[in-house]
Amino acid sequence: MKALLIAGASALVLSGAAASAFAAEETATIEELVVTAQKKAESIQDVPIAVSAFSQDALQKSRIDGGPNLVLAIPNVNFSKGNFNGYNFQIRGIGSKLVATSGDAGTGVHLNNAPLIFNDLFETEFYDVERVEVLRGPQGTLYGRNATGGVVNLISNKPTDRLEGMARGEYGNYNSIKLRGMVNVPVSDAFAVRLAGAYLKRDGYGENTFTGNDADTRDMYGYRASVKFQPTDNFQAIVVYDKFHEDDSRSRIGKQFCSKDVGPANVGGVAFSAVPAIAQLQRGLFSQGCRATAIDAPDILGTVNSQATLGGLFGALGGFQTGDAYAGKMQSKNVRNIESTFDPIYRTDTDIVQLHLEWDLTETLQLTSLTNQSRTRLYSRQDYNRYTPSVNFNTTPNPVNALAAVGPAYPNAIYPSLFPNGVVNDPQNGPFNRFTTSDISGSSNKQFNQEIRLQSSFDGPWNFNIGALYLDFSADADYFVMFNTGTAWYQVNNLLNTGSANCASAAPCVAIDPNREPNRSGHNYFSNYTPYSLTSTAVFGELYWEMMDGFKWTAGLRWTKDEKEQKNFAVTLGQPGVGLLGPPAGTPPVLAVDFEEMTGRFGFDWKPELAFTNQSLIYAFYSRGYKAGGLNPACSQNCTGLNATFEPEFINAFEVGSKNTLLDGTLQLNGTVFMYDYTGYQVSKIVNRTSINENIDAEVRGIELESIWNPIQPLRFNASIGWLATEIISGTSIDTFDRTQSDPNLILVKSSAAANCVVSKTTAATALGFSNATNNPFALLGVCSGAFGAANDGVAVNLKGKELPNAPEFTVSLGAQYTVEMDNGWAALGRVDFYHQTESFARIFNTVPDKIAAWSNVNLTVSLANADNGWSVEAYVKNATDEEAITDTYLTDDSSGLFRNAFYTEPRTFGIGVSKTW
């Protein structure tokens with residue numbers, strides 16, 4: 001840690017200590033970067049906001065190819081993919097750790113200043129962008145909803161009055177092919193068109209060792225068409241159409257972590273049954289599937305004890321499976337490889353249309369209109385466990401099953417007719433004689449939003465920026481989990497109750513969907529269907545008063561109203577009937593919640609004339625951020641005691657910063673100090689196959705330093721350092737990974753729904769004794785319902801003093817580049833970028849299993865370019881040390897066996913690129 005701090009501090013103070021060494025060399029001032037962080041064009045050094053911005057050239061030189069790579073260059077930023085196609089772009093500890101269709105991100109993502117609730121900006125790569133801006137801290141006044149952590153704003157290049165073009169091709173390892181291009185055509189003095197596109201195709205980073213095919217491939221393209229119409233000097237209209245398409249085997253997750261839990265040796269001193277087949281089932285019902293171990297535990301690449309899962313429970317009830325389906329199995333140590341029954345499927349398609357109008361009403365008043373419409377369709381399917389069983393289904397049922405009352409007809413006639421040689425014909429998973437599971441995460445989304453702003457540029461001390469926003473968003477979200485033991489169990493019961501194993505009718509039939517692609521008609525799989533809509537309206541404005549030359553006060557307010565609705569369909573798994581079900585008991589058919597809040601900011605910025613700087617900006621602001629609450633996902637028809645809604649988040653932020661240009665324009669040194677009072681932090685955990693979103697309170701403090709130094713013309717250094725301290729100040733929650741909190745008098749046991757509960761060992765021992773006496777292992781399924789004594793969800797954990805998830809204490813980014821001018825207009829450039837973040841935690845409990853190790857990244861670039869003829873050649877290496885860094889983990893629920901899905905950075909990639917501009 002000391003070495004890390006010394007390295008970072010040295011990078012920032014080196015300029016002052018070594019400036020004299022370059023006094024005789026030719027110096028070069030740092031070029032001005034213009035941003036629109038305050039919805040108007042300003043130099044980044046004049047903006048009283050902590051903002052990082054990157055031009056297309058800077059992005060390419062640092063190999064920041066897309067949204068996930070921004071973490072490598074910005075202080076106090078963290079990024080990870082999520083479990084259900086989403087992501088968490090976290091700024092200063094604030095992001096999105098909740099699971100709900102109605103949930104909002106903590107970081108607003110914008111394209112050309114228009115908010116995009118559902119977007120592909122972290123799947124696609126950056127191409128033909130003017131710049132990417134990342135604003136840190138609450139930006140609620142001008143940017144509105146979902147901006148409690150900050151804003152990522154991608155500004156695309158617009159048509160110009162020059163005929164120009166660009167073509168670029170790259171080839172790299174993993175057979176990677178990247179193509180990018182642009183052409184800009186000024187059709188007339190008033191009309192110009194710009195077309196740009198990008199294409200990426202590569203082999204997989206890993207292998208599906210079961211199918212022999214590549215895993216985690218990419219095959220995607222995007223293109224953008226922009227048209228500019230400027231008939232007069234005081235009016236212009238720009239239309240942008242942006243398209244993204246992907247169809248490949250992208251993996252939603254990296255590796256599955258599990259240290260197998262085989263269950264206890266005895267229960268309170270009471271031994272399991274003397275009958276091995278019964279004892280095996282009993283012990284499995286006291287297992288939670290995976291033990292709570294560190295992510296670097298020697299057996300972390302084990303497999304879940306299937307007896308502790310819902311699919312395993314169905315396998316036991318029907319006698320399909322004897323014991324653990326994955327007994328003795330370990331996963332490949334190659335974190336990129338999977339062993340899936342089928343290759344992952346990932347498809348997404350996005351269309352965005354924008355209309356941007358600017359009208360100078362007078363020389364000092366500008367009216368702006370921004371219209372945005374988008375549509376996205378997303379489908380992802382993969383093997384739920386990502387490894388195949390080691391033990392096949394029984395060709396004859398295990399005699400210890402729950403269908404003994406049927407008599408000999410079950411093993412002698414029903415079982416062999418439905419499951420010949422142990423093969424289960426599951427329409428969604430196919431015919432297999434082994435435990436097979438898969439899941440689908442998909443959605444269809446539409447958005448329309450309209451913003452109108454009026455902005456002044458008076459010569460006097462007063463100015464303003466006022467506007468209004470209307471946003472309408474709708475989503476149809478599906479999540480399916482399909483497992484063949486469940487289908488088999490319902491097929492048996494359907495045959496007994498209706499005479500048809502694959503019936504698809506009203507009760508008592510549990511409908512079997514005959515389609516490979518589930519259509520919500522079946523009740524033989526887990527189906528969570530969430531139609532959701534949002535209407536958001538806002539009125540906002542900022543008033544600026546230049547009290548004296550160089551000293552300005554800013555006061556901003558925003559009124560926001562968010563109206564959310566969600567059709568309330570209960571989860572259909574195992575329920576008699578066909579098709580969608582009504583709402584869970586005691587809840588309305590449509591859940592609705594409204595939030596109406598005032599937010600804003602107040603502060604000053606001052607440009608003092610200091611003897612030791614060429615230009616300085618000092619600013620101090622208070623701002624209030626807000627993120628709407630929402631509606632929890634649906635659960636089964638008979639679930640009770642769960643909150644239908646979760647509350648909003650609020651942030652009271654205090655920030656003081658300074659931006660400085662020194663050494664005759666060769667050095668920029670910016671810094672900020674901030675403190676947040678964070679109320680209602682939204683965080684999820686998965687319980688009984690649904691997401692429970694909770695609210696807790698926290699405090700956040702931090703420091704950020706950013707610097708660029710050009711000591712001499714060919715040499716440039718850059719550095720960004722973030723220090724972050726987060727602390728939960730109130731709240732309790734039950735840790736589903738450790739429900740007993742190591743209390744020696746408590747034990748975990750499975751329920752009839754494969755959920756976990758906690759009872760005293762005395763109660764559990766009584767239940768086990770009864771199970772032994774009756775030779776009925778399934779009697780233990782009554783423990784959680786109180787049949788043998790009191791049962792509860794577990795021991796609550798006091799969260800006070802814990803850190804927020806995914807909030808490393810230090811982030812450090814250092815870069816250096818050197819340019820050598822050569823004959824005939826050629827120039828050679830070499831660049832190195834280093835990034836490091838310290839350890840963090842994946843969950844609010846901050847336990848050993850939650851700890852994410854520190855990690856680093858090194859990117860290298862060498863290029864040869866000729867500005868005169870437009871040719872350039874570039875060689876690059878990303879993640880040069882080939883570090884297998886984990887960015888986050890996701891803990892599943894009790895009925896899945898509490899395995900963790902891990903998310904990784906990309907492996908080492910390298911290649912060469914050639915480009916031509918004209």
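Analyst: A helix axis is a line fitted to C-alpha atoms over the stretch in contact, and angles run from 0 to 180 degrees between N-to-C directions. The model discussed here is predicted.

User: At what angle do helix α5 and helix α7 pack, and how far apart are their axes?

Analyst: Two packed helices are described by the angle between their axes and by the distance between those axes. For α5 (residues 310-317) and α7 (residues 484-498), the angle is about 40 degrees and the axes lie 8 Å apart. Angles under 35 degrees count as roughly parallel and 65 to 115 as roughly perpendicular; α5 and α7 are therefore oblique to each other. The crossing of α5 past α7 is left-handed.

User: Which residues make the contact of α5 with α7?

Analyst: On the α5 side they are Gly311, Phe314, Gly315 and Leu317, and on the α7 side Thr485, Gly486, Trp489 and Tyr490. Sorted by class, this contact has four nonpolar and four polar residues, with no charged ones.

User: At roughly what angle do α6 and α7 cross?

Analyst: The axes of α6 (residues 409-418) and α7 cross at roughly 120 degrees and come within 11 Å. That makes α6 oblique to α7. The crossing of this pair is right-handed. Tyr410, Ile414 and Leu418 of α6 meet Gln491, Val492, Leu495 and Leu496 of α7. By class, six residues of this contact are nonpolar, one is polar and none is charged.

User: Turning to sheets, what is the strand order of the five-strand open sheet, and which strands stand at its edges?

Analyst: Strands of a sheet pair through backbone hydrogen bonds, either parallel or antiparallel. In the five-strand sheet the order is β3-β8-β9-β6-β7, and the pairing is mixed. The edges are β3 (51-54) and β7 (114-115); each has a single partner strand, so one side of each is left without a neighbour in the sheet. β3 runs antiparallel to β8 (residues 129-136), joined by four bridges. Within this pair, Ser52 stands opposite Val134 of β8.

User: What is the order of the open sheet of three strands?

Analyst: Its order is β17-β47-β46, with antiparallel pairing. β17 (255-257) and β46 (886-891) are the edge strands, each pairing on one side only. From one strand to the next, the twist averages 30 degrees. β46 is joined to β47 (residues 900-904) by five bridges, and the two run antiparallel. Tyr890 has Asn901 in β47 as its bridge partner.

User: Which strands pair with β44, and how many bridges join them?

Analyst: One of the partners is β41 (residues 826-837), which is joined to β44 (residues 855-866) by twelve bridges and runs antiparallel to that strand. In that pair Tyr835 stands opposite Asn857. β44 also pairs in the antiparallel sense with β45 (residues 871-878), over six bridges, and there Leu864 stands opposite Val873. The hairpin of β44 and β45 has four residues between the strands, and Gly870 takes a positive phi near 85 degrees.

Technical notes. Residues numbered from 1 in each chain as written. Predicted model: local features only at pLDDT ≥ 70, side-chain atom pairs only at ≥ 80, totals over all residues. Heavy atoms only, no water. Parallel < 35°, antiparallel > 145°, perpendicular 65-115°, else oblique. Left-handed = near helix turned anticlockwise from the far one by under 90°. Contact = heavy atoms within 4.5 Å. Nonpolar A, V, L, I, M, F, W, Y, C, P; charged D, E, K, R; others polar. Pairing = 2+ DSSP bridges.
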